[in-house]
Structures are given as C-alpha cells and as structure tokens.
Amino acid sequence: MLEYIMLIIAFVGLYLSIIWINLLFLGKEEIEEKKKIDKSYLPEITFAIPAYNEEKTIAGTIQSILDIDYPKDRYEIIVVDDGSTDNTAKIAEQYKKYGVKVIKTKNHGKGHALNIALKRSKKELFTCVDADSYIEKESVKIIVQNFMNKKVSGCSSSIFVKNNSKIIEKMQVFEYMYAAIFRKLFAFIGCLFVTPGVLSIYRTEDLKEAGMFDEDRNNITEDLEIAMRLQSLHKYIAFDIQSITYTTIPDTLKKVIRQRIRWFRGYIYNARKYRHMHLNKDYELLGLFILPLNIASVIIIISSTIIIWSGILDGFKYIYQKAIIAKTPLYEFIDILTLKQMILTIDFKISIPLTVITLAGLYLLYKSHKITGKSIDISAKSILAFILFIVVYPWLLALCWTYSLILEAKGSKREW
Amino acid sequence: MKERYVRHMLVTSFIAAIVIFSSGVMIGWMFDGLRTDEVLNIIKNNELNSESYNIEQTFLENVDNVDCTIMTPRIETISKELGEVGQELQRYGSISDFKKSDFDYLKRKYFLMEIKFYNLIYRYQETCKGEYTPILYFYKVDDDTSETQGYILDEFVRRYNDDTENENGETKHGKIVVLSIDGLYDKDPLIKTIMSTYEIDPEKLPALIIDYDTIRHGLVDREELENIFNIVLHK
C-alpha cells in the first residue's frame with residue numbers, strides 16, 4: 001500500500017515539477033523581463049497601515065514609505081491603530097508633521113482597520129502595508145506599472161526577509177524565495193489567489209465594488225480572503241517579482257509554528273468559504289487545476305511525511321534490535337556494498353522522478369534569485385539552513401497542516 | 001490565447017511526466033533482470049561446488065581416504081556462497097517489481113540448497129565431527145521477533161566464528177552455519193516435512209534447530225545461545 005502511495009506522490013511531484021519548469025520557459029519574456037518604468041504614470045495612492053501593538057516596527061514602516069521614490073503629492077499614509085495597548089499610536093502620531101494620518105479605533109481586527117482607511121480613500125490605488133514591512137525605495141514605482149493594464153485589480157510585491165541571521169530565519173528565506181517564483185508563475189496563468197499583507201496594491205474602485213475587506217474575526221487571513229474574492233469575481237491579480245518589500249519574520253520555532261498554523265487555518269477557512277470555485281470550469285485553470293492542486297499538495301505533504309517517518313521509525317527499530325538486543329558493535333552496522341551491488345539496489349521508478357523533482361526545485365530557486373536580483377548566500381550557515389529547509393521544513397509544515405486540520409475539525413477558536 | 005497555451009502546456013507536461021516515469025519503470029525492469037541474473041550466477045556456482053564436493057566426498061570415501069583438511073575449506077566456500085545468495089535475495093527481492101515470480105523461484109531454490117547443505121554437513125560431521133555446527137532457523141516474514149532473532153544469530157555467529165582459536169593458535173571449537181528458512185513458505189512441501197519432523201509449531205515462530213536435535217521456539221537471546229553451545233561443545 002505504502003509503495004503505491006509513494007509511486008503516486010512521485011508521479012504527481014514529477015508532473016508538477018515539469019509544469020513549473022515548462023511555465024518558466026513558456027512565460028520567460030513576461031516573467032524575466034525588466035520592466036521599463038513609464039515616469040509619466042503616477043497614479044494617486046493611499047498607503048494603509050493597520051497596526052496592533054507594533055511599537056517596535058511601526059516607525060520603520062512609516063519611514064520606509066516616506067522614503068519611497070514617488071512624488072509626495074501623489075500619495076497619502078493612513079495608520080489605523082487597531083486598539084493597541086502599547087505605544088504604537090503615540091509613535092505613529094510623531095509622523096503627523098509629515099502628513100501621516102493616524103486613526104485610532106477599538107480593537108476590531110485587521111479587516112475592519114483596513115476598511116476604515118479604505119472608506120476614506122479617494123485615491124486610485126489602495127495599498128495595504130503590514131506594520132512590520134519595509135518598502136524598498138523603487139518598489140512602488142515599479143509595482144504601479146502593472147495598473148496600466150486596466151484588467152489588473154490587485155498586485156503584490158516580492159517579499160524579502162529583513163531579519164535573517166538565525167538558522168530558523170535563514171530557512172524561511174528559502175521559503176520566501178520559492179513563494180516569489182511560484183506567485184509569479186501563478187500570476188502568469190491568472191491564478192494567483194493571495195495578496196500578502198506585506199505589500200499589496202489594489203484598484204480602490206474594485207475593492208469597494210467587491211465589498212471591501214472581510215471584517216469577520218473568524219477570518220484570520222484577510223489577505224487571502226480578498227484575493228479569493230477578487231478571483232471569484234473574475235478580477236485579475238498580478239505579481240511583480242521585481243518590486244521588493246522587506247518583512248520581519250518569526251525568529252523562534254514556536255513563533256514560526258504559530259504563524260503557519262494561522263496561515264493554514266486561514267487557508268482552510270477560505271477554501272471552504274470559496275469551495276464553489278473548486279473544480280468549477282467557470283474559473284478555468286484556477287478552479288480546475290490550481291485550487292484542487294493546492295488541496296492535493298496538503299495531502300501529499302502530510303502523506304509523504306508519514307511515509308518518511310515510518311521509514312525513520314523502521315531505522316530506529318533496526319538500530320534498537322541490532323544494537324540493544326543483539327548487542328552488535330556499531331562498526332558492524334554498515335553493509336559495505338560493491339559498486340555493482342549499489343547500482344543494482346537503486347529503485348529507479350522512485351529515484352528518477354525524485355532526481356527530476358530535486359533538479360527542478362534547485363532550478364526554480366536559482367531563477368527566483370536571478371529574477372529578483374537577490375544574491376545567493378553561500379555561507380556555511382545558509383547552506384546548513386538550506387539542508388534543514390529540505391530535510392526538516394516539510395515535516396514542520398506537515399505537522400502544522402495536520403494540527404490546523406484537527407483544530408478546524410474540532411471547531412476551535414481561530415486566533416491571530 | 002494564453003489560456004490555450006497553458007492548457008497545451010499541461011498536456012505536454014503530462015506526456016513528459018509519463019515518459020520520464022515510464023523510463024524509470026523500464027530501467028527498473030531491465031535492472032530486475034540483472035538482479036535475478038546476479039543471484040542465479042551465485043546459485044549456479046554454489047550448485048556446482050556442492051556437486052563437486054559430493055563427488056569428491058564419495059570418491060574419498062571409496063578410496064578410504066577421507067581427509068577433513070581437504071573437506072573443511074570446501075564446506076566453508078559453499079557455506080559462504082549460500083550466505084551471499086541469502087543476502088542478495090533479501091537485498092534485491094524487496095525492490096523487484098517485474099520478476100516477483102523469478103525471485104520466488106530463486107527463493108525456493110535457495111531453501112532447497114540450504115536443506116541440501118544441511119544434509120551435506122550431516123554426512124560431513126560423521127567423519128569430521130565438531131568442525132561445523134548447523135542451526136536451522138525458521139522465521140516469519142515481516143515479524144519483529146524473527147527480525148530480532150536474525151540479528152542475534154548474526155552477531156552471535158560472527159563472534160563465535162571469529163573466536164575459533166585460543167591464544168596458542170589451537171582450535172577451540174568449530175564454526176556455526178546458520179541456514180534460515182521462511183517457516184510459512186508453503187510452495188515447497190519439504191519445508192513442512194522438516195518442520196513436522198522436528199515438531200516445530202508454525203504458530204510459534206521463530207524457531208531454531210541447533211545441531212540437529214536441540215529445538216527452541218520463540219526468541220532465543222545471546223546468553224541462552226551461549227549456554228546451548230557450551231552443552232553442544234561438550235557432547
């Protein structure tokens with residue numbers, strides 16, 4: 001049974017790897033093209049920063065927006081303090097002299113905070129910026145170019161990691177690099193269904209038409225919800241891989257797990273909310289392929305982790321039986337094989353797909369670095385983080401997925 | 001327009017995935033042939049060596065010149081080859097997809113060779129007593145206790161056989177040969193016959209037959225094996 005599951009996983013993994021590489025070549029010009037900036041296109045923008053207890057980062061976020069290369073009279077900054085109990089509002093108010101508007105509300109959640117800013121906005125574009133994001137100087141100028149295409153309702157930027165000194169942070173860097181290239185590929189086929197809160201720009205009119213951000217506090221991923229809603233209304237969401245925003249990521253394992261569980265529970269919630277889109281031919285590739293694929297990916301990641309762990313447990317059992325019970329010395333453990341025996345022991349039906357998947361994975365990572373212009377970190381710490389990212393991270397994600405599914409099935413309260 | 005391209009790409013990717021996946025399966029099929037050939041070659045060699053040994057022993061008996069110094073190395077070679085067959089069958093049999101029936105045939109052949117060797121040692125012991133002590137080990141496939149017993153036997157035999165001489169270079173004791181047989185293998189009646197002769201209960205596997213007459217059911221640990229062999233040595 002396990003062998004058949006492994007074969008199915010190997011085939012699906014192989015198929016997806018070929019798809020991504022194929023897409024990369026098919027959309028080479030559009031994906032890799034360095035955008036020419038039309039300096040005359042300068043739409044007016046509202047930057048909304050919803051903040052709840054962000055006293056450590058809010059100043060940096062506001063300052064990064066004030067520093068962007070964009071005419072000052074073409075944008076406004078609205079900080080919505082969502083009932084913070086720390087000095088967030090006080091710090092934000094120090095920027096009033098630079099034209100920053102600060103609105104204080106009771107704590108009603110991020111969606112509500114964003115809507116307060118959205119209702120006030122009279123600008124053509126509405127930008128959601130998390131209070132721990134730092135926009136690169138050129139990013140806004142680059143990203144707004146996407147809105148020259150009238151079909152575009154929303155667009156997100158690539159996310160780079162601001163704090164990446166610890167191993168756990170460096171591991172997430174790889175995750176963000178993969179996210180950048182995959183989002184670009186999804187956007188290329190019109191199937192991007194998330195607009196991360198780190199930096200996403202929307203056409204204000206389209207957001208209002210779509211009914212604004214979801215204020216339901218059960219929805220803990222309003223950025224996923226709004227993107228799904230726009231997609232459900234057949235709006236196009238773009239992704240600008242060359243526009244860069246930095247974000248502060250969790251720096252401990254506990255915080256990483258907590259964040260992933262929030263994301264995954266948010267995904268489950270929204271997948272259920274927009275279940276009518278799955279396998280629905282009205283949504284073409286998104287409905288027939290990408291959304292079901294996402295669900296399949298969760299099943300694959302959990303089942304492959306179970307298979308790998310059952311193998312590891314077998315290994316421990318072997319060591320226990322051989323070392324503890326049979327008292328075999330360690331040097332007798334290794335079965336020294338001749339080259340011929342080694343070759344004859346290879347299971348080609350699994351190892352060939354696995355090799356293709358690995359090569360495709362490495363190529364995508366390389367491409368993500370190349371297109372975003374991020375240099376490849378080859379320090380020992382980064383290499384170790386990459387090994388851990390390949391070996392340990394999928395298990396961590398599988399664990400978070402399993403736990404999220406259990407919490408959702410039990411109907412546990414969703415928390416930010 | 002792009003939609004059409006992408007649909008086309010999905011189909012071509014699917015075809016490419018099938019081609020690559022099939023190539024892995026095809027290479028696997030080719031290698032299955034090589035694996036069975038590899039095991040078969042050792043088996044053929046072992047058969048020839050057994051045959052040759054048999055003829056040699058008969059000849060020496062006929063001329064009344066049985067010499068243990070000639071016979072012992074021959075037995076050692078056959079024993080070593082049998083061990084290799086067992087290892088290769090275990091190594092390759094589990095990953096074989098297309099030659100399951102061939103591996104099943106080889107497995108049956110291997111068991112028969114082991115029993116043939118068991119008989120051979122019996123005859124050999126009449127003239128060269130104490131040189132080789134056989135253990136017939138009946139195991140159950142995918143059974144934790146049988147696996148553990150296998151590891152205990154491996155380690156016990158390795159130590160025992162490495163320690164055949166004392167400090168003065170004199171022979172302390174002979175060597176042990178383990179012949180492992182799937183106790184639930186139902187394709188050859190011979191195995192059932194042996195098991196019923198020694199009154200081995202298939203429900204209580206693993207089981208050991210040490211030196212033709214000491215029978216043990218269930219897990220036998222190293223200390224117990226040492227005790228049994230102390231008795232065997234003083235017989």
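Chain B is divided into domain 1 (1-128) and domain 2 (130-235), with bounds that come from an automatic or database domain assignment. This is a predicted model, in which local features need pLDDT of at least 70 and side-chain atom pairs count only at pLDDT 80 or more, while totals for chains, interfaces and linings use all residues. Residues are numbered from 1 along each chain as its sequence is written, and chains are lettered from A and ligands numbered from 1 in the order in which they are written.

The C-alpha centres of domain 1 of chain B and domain 2 of chain B lie 22 Å apart. Where the domains meet, 17 residues of domain 1 of chain B are in contact with 15 residues of domain 2 of chain B, two residues being in contact if their C-beta atoms, placed from the backbone, lie within 7 Å. On the side of domain 1 of chain B that touches domain 2 of chain B, the elements that give two or more residues are helix 2 and helix 3 (100-127) of chain B; helices (H or I, at least four residues) and strands (E, at least two) are DSSP runs, numbered from the N terminus. Helix 3 of chain B supplies the largest share of that side, with 11 residues. The residues of this side of domain 1 of chain B divide into 11 nonpolar, 4 polar and 2 charged, where Ala, Val, Leu, Ile, Met, Phe, Trp, Tyr, Cys and Pro count as nonpolar, Asp, Glu, Lys and Arg as charged, and the others, Gly among them, as polar.

B:Gly86 counts as buried because it has 20 C-beta neighbours inside 10 Å; a residue is buried if 20 or more other C-beta atoms lie within 10 Å of its own, exposed if 12 or fewer, and partly exposed in between, with C-beta atoms placed from the backbone. Leaving aside its neighbours within four places in sequence, B:Gly86 is in contact with B:Tyr110 and B:Ser180. The C-alpha atoms of B:Gly86 and B:Val39 are separated by 9.0 Å, although these residues are 47 residues apart along the chain.

Two features of the backbone of chain B also deserve attention. Most residues other than glycine have a negative phi, and most peptide bonds are trans. The peptide bond from B:Leu205 to B:Pro206, however, is cis, with omega near 5°, and B:Pro206 is found in the loop between helix 5 (189-197) and strand 3 (207-210) of chain B. In the loop between strand 3 and strand 4 (214-217) of chain B lies B:Tyr212, whose phi is positive, near 70°. With 14 other C-beta atoms within 10 Å, B:Tyr212 is partly exposed.

We can now turn to the meeting of the two chains. The contact takes 30 residues from chain B and 25 residues from chain A. On the side of chain B that touches chain A, the elements that give two or more residues are helix 1 (2-62), helix 2 (68-93) and helix 4 (144-162) of chain B, and the largest share, 20 residues, comes from helix 1 of chain B. By class, that side of chain B has 17 nonpolar, 5 polar and 8 charged residues.

Two packed helices are described by the angle between their axes and the distance between the axes. The axes of helix 11 (residues 284-325) of chain A and helix 4 of chain B come within 9 Å and cross at roughly 40°; axes are lines fitted to C-alpha atoms, for helices over the stretch in contact, and angles run from 0 to 180 degrees between N-to-C directions. That angle makes helix 11 of chain A oblique to helix 4 of chain B, since angles under 35 degrees count as roughly parallel, over 145 as roughly antiparallel, 65 to 115 as roughly perpendicular and the rest as oblique. Here A:Gln321, A:Lys322 and A:Ile325 in helix 11 of chain A meet B:Glu147, B:Thr148, B:Tyr151 and B:Ile152 in helix 4 of chain B.

Within chain A, the axes of helix 7 (residues 167-188) and helix 13 (residues 348-372) come within 9 Å and cross at roughly 80°, which makes helix 7 of chain A roughly perpendicular to helix 13 of chain A. By class, their contact has 7 nonpolar, 3 polar and 1 charged residues.
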